[in-house]
Amino acid sequence: MRIWVDADACPNVIKDILFKAAERVKIPLILIANQTVATPPSRWISARRVPRGFDVADNEILKHLAPDDLVITADIPLAAEVVAQGGHALNPRGEFYTRENIRSRLNMRDFMETLRASGIDTGGPAALSRADRQAFASQLDRYLQRHARHSSHP
């Protein structure tokens with residue numbers, strides 16, 4: 001099991017939480033971005049730079065995704081592909097994308113895009129709050145604990 005990070009838009013505070021978790025549980029963490037991403041020295045943490053372009057980073061993640069891998073992303077179409085391939089997707093606000101909720105998330109995203117395209121200012125997402133960071137860390141910890149239990153009991 002590995003953790004993949006759609007790193008171009010991932011907040012630094014979330015990356016820091018991920019760095020600590022990867023070291024603590026000794027799980028590979030791979031950050032994918034179209035720019036250089038600073039990572040701490042660790043045998044568990046690596047970064048891959050991909051060329052700029054539409055969905056290049058997403059495609060790199062999907063190409064290497066294995067069932068039960070975890071992907072950290074706020075990109076809803078990427079999350080939908082991850083879930084369809086049997087992976088798990090968690091956004092930086094601590095919400096898991098699932099087979100049950102991904103369709104409504106895609107529909108809302110498309111609706112908001114339509115509004116923006118027609119000239120309506122929908123604003124952007126709210127800044128990442130302390131509660132969001134705590135929710136993310138909590139969901140990540142629960143996920144890693146479940147994974148540890150399952151991998152130690154084949």
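Which side chain meets that of K63 in a salt bridge? The side chains of E60 and K63 meet in this way, at 3.5 Å from N to O; a salt bridge is here a side-chain nitrogen of Lys or Arg within 4 Å of a carboxyl oxygen of Asp or Glu. The model is predicted, so local features need pLDDT of at least 70 and side-chain atom pairs count only at pLDDT 80 or more, whereas totals for chains, interfaces and linings use all residues. Residues are numbered from 1 along each chain as its sequence is written, and side-chain values use heavy atoms, with hydrogens and water left out.

Six strands form an open sheet of mixed pairing, in the order 3-2-1-4-5-6. Helices (H or I, at least four residues) and strands (E, at least two) are DSSP runs numbered from the N terminus, and two strands pair if DSSP finds at least two bridges between them. The edges are strand 3 (45-49) and strand 6 (96-97), each of which pairs on one side only. In general, strands of a sheet pair through backbone hydrogen bonds, either parallel or antiparallel.

Strand 1 (residues 3-6) and strand 2 (residues 29-33) run parallel and are joined by four bridges. Within this pairing, V5 stands opposite L31, and D6 has I32 as its bridge partner. On strand 3, R48 is the bridge partner of I32, and strands 2 and 3 pair in the parallel sense over five bridges.

Strand 2 is mostly covered, five of its five residues being buried. Buried means under 20% relative accessible area, exposed over 50%, and partly exposed in between (1.4 Å probe, protein chains only). L29, L31 and A33 point one way from strand 2, while I30 and I32 point the other way.

Helix 2 (residues 56-64) lies across strand 1, strand 2, strand 3 and strand 4 (70-72), and runs at about 170° to strand 1. Such angles run from 0 to 180 degrees between N-to-C directions, the axes being lines fitted to C-alpha atoms, for helices over the stretch in contact; contact means heavy atoms within 4.5 Å. In the loop between strand 3 and helix 2 is D55, a residue other than glycine whose phi is positive, near 65°. D55 counts as partly exposed, at 30% relative accessibility. K26, in the loop between helix 1 and strand 2, likewise is not a glycine and has a positive phi of about 55°.

The structure holds five salt bridges. One of them joins R24 and D141, at 2.6 Å from N to O. Because R24 lies in helix 1 and D141 in helix 5 (residues 130-152), this pair ties together parts that are 117 residues apart in sequence. R48 forms a salt bridge with E60, the closest N and O atoms being 3.5 Å apart. This pair links strand 3, which holds R48, to helix 2, which holds E60, across twelve residues. E60 and K63 are three residues apart in helix 2, and are therefore separated by about one helical turn. K63 is exposed, at a relative accessible area of 60%, whereas E60 is buried at 15% and R48 is partly exposed at 32%. Through shared partners, salt bridges join R48, E60 and K63 into one network.
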